[in-house]
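Colleague: I would like to go through this model with you step by step, beginning with a single residue and ending with how the chains meet.

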Amino acid sequence: MAKHGMAAEGQVHPIKSYLVVWGWLFVLSAFSYMVDYFHVQGALRWSLILLFMVLKAGLIIAFFMHMAWERLSLVTAILIPPVAVLVFVTIMAAESDYTLLTREMFFAEGTVP
Amino acid sequence: MAPHGSMTSAQAADPHAGWQGIYADWASDRTVFRNVSWGKAMMWVFLLSDTFIFGCFLLAYMTARMSTTVPWPNATEVFALHIGGENIPLILIAIMTFVLISSSGTMAMAVNYGYRRDRKKTAVLMLVTAAFGATFVGMQAFEWTKLIMEGVRPWENPWGAAQFGSTFFMITGFHGTHVTIGVIFLIIVARKVLRGDFDRGTRGFFTSRKGRYEIVEITGLYWHFVDLVWVFIFAFFYLW
């Protein structure tokens, strides 16, 4: 049923670009697994995890979900609101620190004689 | 960029209108998302709302983990599998990750062949995607069974902070539900593609509208989003 001659509609891009992105997703996933497999610890572990995560997410959104080819009106309408989640993360991180502090001061096991 | 008043349809169709295009689109007193059908725009809006849901789940997990005085169970050991006399850390989760990424690749190809109106390849690739998704859910069921047999409950577990179980079941459960729904939709759309509904303009049973190959891309958007969420769960829950 292949009708490659027909005028294509919508998001049509070369197959090769998908394969390249696909390959990179595999490589990046392997890298993030390696972080755990080789027991990388501390700040290096967290920064590597975040780096590979952001790269993978970026590749999926930009190419598989076609955001790289959409108009900026749509891109900004969808990608800017999640920043609110990051703000929420910041607030809750501060709140968690405070909760932990109060728990350690008043409730932590072993501190009560 | 031409002034707004003299916007012609040819200029409106320019996909590279850049930053000026943003206020031109929003201020032109007509459909904002040009070249984007209502179906696709609504899927994006839904995915945005889903982003907030998963964002809040991960946020709740972060809050629980940061504020507990009891040590958090070590995911590397909890999710290790005993294969060939050796404990391989996180191996099941790694395989699940690769399965889901493979499915994302086949989905992207399905979208591409859909727009090229290659019915067979589109349907086959969608069914392969669905098979990968079903495999993923199956592996997740195995993982849940293993953890439940080891004594993980939403309120307790043998290794540390009690919140581990509740966040684990909530986050992976919600994600698994999304994958399952995705598999169902993939199969429905693949069947329509294979039947040639979108070539003949057959009306759908539910909306009685004529479908287009764009539905493959919209289903694909949902599927890629499910993969996207897994990227974050993998990083924050399993690797952190």
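This is a predicted model: local features need pLDDT of at least 70, side-chain atom pairs count only at pLDDT 80 or more; totals for chains, interfaces and linings use all residues.

Colleague: B:Leu90 is not a glycine either and has a positive phi; is B:Leu90 buried or exposed?

Modeller: The phi of B:Leu90 is about 55°, and this residue is found in the loop between β2 and α5 of chain B. A residue counts as buried under 20% relative accessible area, and the relative accessibility of B:Leu90 is 0%. By that cut-off, B:Leu90 is buried.

Colleague: A:Ile80 also lies in a loop; what is the relative accessible area of A:Ile80?

Modeller: The loop that holds A:Ile80 runs between α3 (72-79) and α4 (83-106) of chain A. Exposed means over 50% relative accessible area, and A:Ile80 is exposed because its value is 52%.

Colleague: How many residues does helix α1 of chain A have, and what does it reach from its first C-alpha to its last?

Modeller: Helix α1 of chain A covers residues 15-37, and at 1.5 Å a residue a span of 33 Å is expected. Just after α1(A), A:His39 takes a positive phi of about 55°. The helix itself has 23 residues and a reach close to the expected one, namely 33 Å.

Colleague: What covers the buried residues of α1(A)?

Modeller: The buried residues of this helix include A:Tyr18, A:Val21, A:Trp22, A:Leu25 and A:Leu28. An α-helix has 3.6 residues a turn, so residues three or four places apart point the same way. Among the elements that cover the buried residues of α1(A) are α2 (42-64) of chain A and, from chain B, α4 (75-78), β2 (86-88), α5 (91-115) and α9.

Colleague: Which parts of chain B does the aromatic pair of B:Phe168 and B:Phe237 tie together?

Modeller: The count over all chains comes to 33 aromatic pairs, and in this one the ring centres are 5.8 Å apart with 40° between the planes, which makes the pair tilted. Both B:Phe168 and B:Phe237 are buried. Because B:Phe168 lies in one helix and B:Phe237 in another, the pair ties together parts that are 69 residues apart in sequence, namely α7 (residues 163-195) and α9 (residues 214-239).

Colleague: Which element gives the largest share of the largest nonpolar core?

Modeller: That core has 92 residues, and those with the most contacts inside it include A:Met65, B:Phe237 and B:Tyr238. The largest share, 17 residues, comes from α9(B).

Colleague: Which residues does B:Tyr238 touch, leaving out those up to four places away in sequence?

Modeller: B:Tyr238 belongs to a cluster linked by ring pairs, whose other members include B:Phe168 and B:Trp230. With neighbours up to four places away not counted, B:Tyr238 touches B:Ala75, B:Phe79, B:Leu90, B:Ile93, B:Glu143, B:Phe168, B:Thr172, B:Trp230 and B:Ile233.

Colleague: Where the chains meet, how far apart are the closest N and O atoms of the salt bridge that B:Lys40 forms with A:Glu70?

Modeller: In this interface 60 residues of chain A are in contact with 68 residues of chain B, and about 5900 Å² is buried between the chains, 72% of it on carbon and sulfur atoms. Across the interface there are two salt bridges. For B:Lys40 and A:Glu70, the closest N and O atoms are separated by 3.0 Å.

Conventions
Residues are numbered from 1 along each chain as its sequence is written. Chains are lettered from A and ligands numbered from 1 in the order in which they are written. Side-chain values use heavy atoms; hydrogens and water are left out. Rings of Phe, Tyr and Trp (its six-membered ring) pair if their centres lie within 6.5 Å; planes under 30 degrees apart count as stacked, over 60 as edge-to-face and the rest as tilted. Helices (H or I, at least four residues) and strands (E, at least two) are DSSP runs, numbered from the N terminus. Buried means under 20% relative accessible area, exposed over 50%, partly exposed in between (1.4 Å probe, protein chains only). A nonpolar core is a set of buried Ala, Val, Leu, Ile, Met, Phe, Trp, Tyr and Cys residues joined through side-chain atoms within 4.5 Å. Contact means heavy atoms within 4.5 Å. The expected span of a helix is 1.5 Å times one less than its number of residues. Buried area is the accessible area (1.4 Å probe) that two parts lose on being put together, summed over both. A salt bridge is a side-chain nitrogen of Lys or Arg within 4 Å of a carboxyl oxygen of Asp or Glu.
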